[in-house]
Amino acid sequence: MDLSYLWAGFSVALSPLNLAIGFTGCFLGTLIGALPAIGPINGIALLLPIAYTMGLPPESTMILLAGIYMGAEYGGRISSILLNVPGDAGAVMTALDGNPLARQGRAGEALMISGLASFVGGTLGVVGLTFFAPLLSTLAIGFGPAEYFVLMIFAFATLGSMVGSQPVKTLIGCVIGLMLATVGLDATSGAYRFTFNEPELGDGIEFVVLVIGLFSISEAMFMLEHQAKGGSVIKVAGRTFARWADIVRCIGPALRSSVIGFTVGVLPGTGASVASAVSYTTEKRLSDREGTFGKGDVRGLAAPEAANNATAAGAFVPMLTLGVPGSGTTAVMLGALMLYNIQPGPQLFAERPELIGGLIASLYIGNILLLILNLPLVRVFSRVLQLPNWVLVPGILVLSIVGVYSTHASVLAVVMMLGIGIVGWLLRKLGFDMAPIILGFVLGRVMEVNLRNALAISGGDLSILFQSTISIVLWIMAAAMAVLPFAIGRLARRAAAPSPQVS
Amino acid sequence: MTSSTGPRGAGRSDRVGAIVLLVFALLYGFEASRIAYSFSSDPLGPRVFPMMLAGALALLSVIYLLRPGGAEPWPQGRLLAQSLAIPGLVLAAALLLEPLGFAVAVTILVTGVGRLFGASWRLAILGGLAQAALWFAVFRYLLEVYLPGGAVFGM
């Protein structure tokens with residue numbers, strides 16, 4: 001296999017600027033992950049416009065955002081363990097065994113084991129990414145417009161069946177996102193759609209405005225209502241070095257969960273929360289013979305942490321090779337690439353090897369940096385748990401205003417962001433998740449253009465969508481995904497596990 | 001949308017939400033059917049895909065209407081006012097950004113939101129001043145992002 005792209009990537013990622021940016025991303029990511037309620041997707045939404053206005057080249061922006069993504073998956077465990085409040089959606093399962101351990105006075109050990117598990121998951125995930133991404137992009141070279149359109153259908157089917165307790169709400173979110181993407185100039189016909197003669201809408205709804213409105217305004221409003229009451233931070237005391245016996249016991253669960261996490265990550269749209277839930281339940285079924293899971297079993301801690309970090313790496317596979325994000329967070333990163341007028345797809349490997357190689361190489365470096373940040377320096381990050389909301393929330397709002405204002409230099413854009421934020425808040429109150437909207441939005445144009453191109457090739461004959469082997473396989477996979485929830489519905493009802501959200 | 005707490009109330013806001021979405025789907029579909037264009041190089045044209053989306057959303061909203069559930073209770077009274085004060089303060093800061101400058105707008109925003117999140121006046125104002133100084137320094141000098149100086153720090 002040709003891995004020359006990776007070696008070229010290391011020369012990009014090891015440049016002083018990109019190393020500094022990668023370190024900043026990992027540091028901020030761990031911080032964002034550790035803060036309760038703020039996850040990778042919020043962090044990336046906030047920092048993306050700033051990176052863009054600073055004029056960073058696309059590969060540096062990607063390295064920054066990837067560092068935040070991975071860092072947040074590491075950092076999320078800190079508040080799960082010490083505060084029993086998950087730092088982000090992917091760390092929900094980490095609290096189940098992590099917090100009991102901390103209450104037994106073993107917080108330091110819990111942080112070390114989960115940090116090591118994160119490293120194992122993260123590194124194996126990146127190794128998987130290194131080998132699978134070129135493979136998939138070779139396969140995807142054969143994709144024509146029809147295959148791309150069916151791939152999007154498969155992506156939405158996966159999303160509807162795997163994410164959230166109510167598929168109908170997930171799918172409504174996707175359709176709303178697709179609808180938002182149709183606003184503006186239609187390049188094929190030159191028609192203006194849904195612009196109501198507003199020149200501001202001619203270029204469509206701005207990605208930054210949408211993402212910040214959905215993920216930061218609505219989040220601030222939610223945090224006001226759901227202010228964590230009581231909940232004391234457990235001090236990191238006692239031994240900080242885990243017992244060897246415990247580490248050895250965690251090797252199997254961490255390896256298995258890495259594979260699960262990576263696979264879930266590769267599936268379109270399904271992120272860390274699905275992966276950590278699946279890996280925890282699997283591990284509980286496989287190795288919980290004494291019934292110690294949920295009471296402070298180190299294996300129940302290692303499994304979801306390895307899984308959520310492997311997912312983050314896995315989610316890059318479809319995003320970089322097919323242009324279909326593997327998680328909500330990679331959907332925002334895809335939108336970031338679009339700001340630079342880069343459309344990810346199989347050609348990206350040939351056209352921008354420095355971008356893909358640099359990004360992947362930075363993930364290897366980032367994992368090592370994160371291990372250092374998250375083992376000896378974990379106490380520093382545990383301090384941010386004491387940061388009061390009256391400092392944190394206004395800070396988020398300032399970053400939101402600056403982000404939107406600096407990318408568009410218009411107050412009107414800020415007003416639009418607020419409108420979108422309030423609609424987002426209303427939808428969230430109704431139980432909708434915001435990530436499917438972003439996924440629909442970033443996939444909207446591609447989906448429509450490919451459908452129309454396919455039909456232009458066939459002269460309007462719909463059978464082109466069912467002709468090639470790849471399309472047929474994708475249709476079958478989409479159908480299987482649509483049936484899946486009914487097939488495992490009985491199992492899920494018996495287990496009655498909390499339903500995952502997009503992270 | 002002021003439905004009360006409790007499962008029955010939550011079901012009601014689900015139904016209201018589903019109907020709003022259904023109406024939105026129909027309006028969007030209607031708008032889509034009137035998109036003006038003279039020529040398109042593909043057989044579908046600019047109308048069909050949006051109309052498909054309208055159909056999909058209409059169908060999904062009907063399913064949602066028939067199987068409601070999952071909505072959270074709405075905040076009441078004071079909490080509702082406080083929730084809406086957040087976008088209100090952001091709006092105020094945005095409108096003051098150009099006339100009064102970044103530092104003043106941020107001080108007002110951080111102080112106001114700080115109060116909503118339970119800080120005393122003294123802490124909220126201190127926080128406002130501190131964050132204004134911090135963010136101004138970070139953006140102007142460290143990241144070199146343009147911010148309006150306004151009447152107070154304008155050049």
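Rings of Phe, Tyr and Trp (its six-membered ring) form an aromatic pair if their centres lie within 6.5 Å; planes under 30 degrees apart count as stacked, over 60 as edge-to-face and the rest as tilted. By this rule the structure holds 18 aromatic pairs over all chains. The model is predicted: local features need pLDDT of at least 70 and side-chain atom pairs count only at pLDDT 80 or more, whereas totals for chains, interfaces and linings use all residues. Residues are numbered from 1 along each chain as its sequence is written, chains are lettered from A and ligands numbered from 1 in the order in which they are written, and side-chain values use heavy atoms, with hydrogens and water left out.

**Figure 1. The stacked pair Phe23(A) and Phe27(A)**. The ring centres of Phe23(A) and Phe27(A) are 6.4 Å apart, with 25° between the planes. Both residues belong to helix H2 (residues 16-34) of chain A and are separated by four residues, about one turn of the helix; helices (H or I, at least four residues) and strands (E, at least two) are DSSP runs, numbered from the N terminus. Phe23(A) has 39% relative accessibility and is partly exposed, as is Phe27(A) at 33% (buried means under 20% relative accessible area, exposed over 50%, partly exposed in between; 1.4 Å probe, protein chains only). Ring pairs join Phe23(A), Phe27(A) and Phe381(A) in a cluster.

**Figure 2. The stacked pair Phe207(A) and Phe441(A)**. The planes of Phe207(A) and Phe441(A) meet at 15° and their ring centres lie 6.2 Å apart, so the pair is stacked. Phe207(A) is in helix H8 and Phe441(A) in helix H18 of chain A, 234 residues apart, so that the pair links distant parts of the chain.

**Figure 3. The interface of chain A and chain B**. Contact (heavy atoms within 4.5 Å) involves 63 residues of chain A and 69 residues of chain B. The buried area, the accessible area (1.4 Å probe) that two parts lose on being put together, summed over both, is about 5,600 Å², and carbon and sulfur atoms give 81% of this area. On the side of chain A, Met179(A), Leu224(A) and Trp390(A) lose the most area to chain B, together 13% of what that side buries.

**Figure 4. The salt bridge between Arg452(A) and Asp42(B)**. The closest N and O atoms of Arg452(A) and Asp42(B) are 2.9 Å apart. Three salt bridges are found across the interface of chain A and chain B (a side-chain nitrogen of Lys or Arg within 4 Å of a carboxyl oxygen of Asp or Glu).
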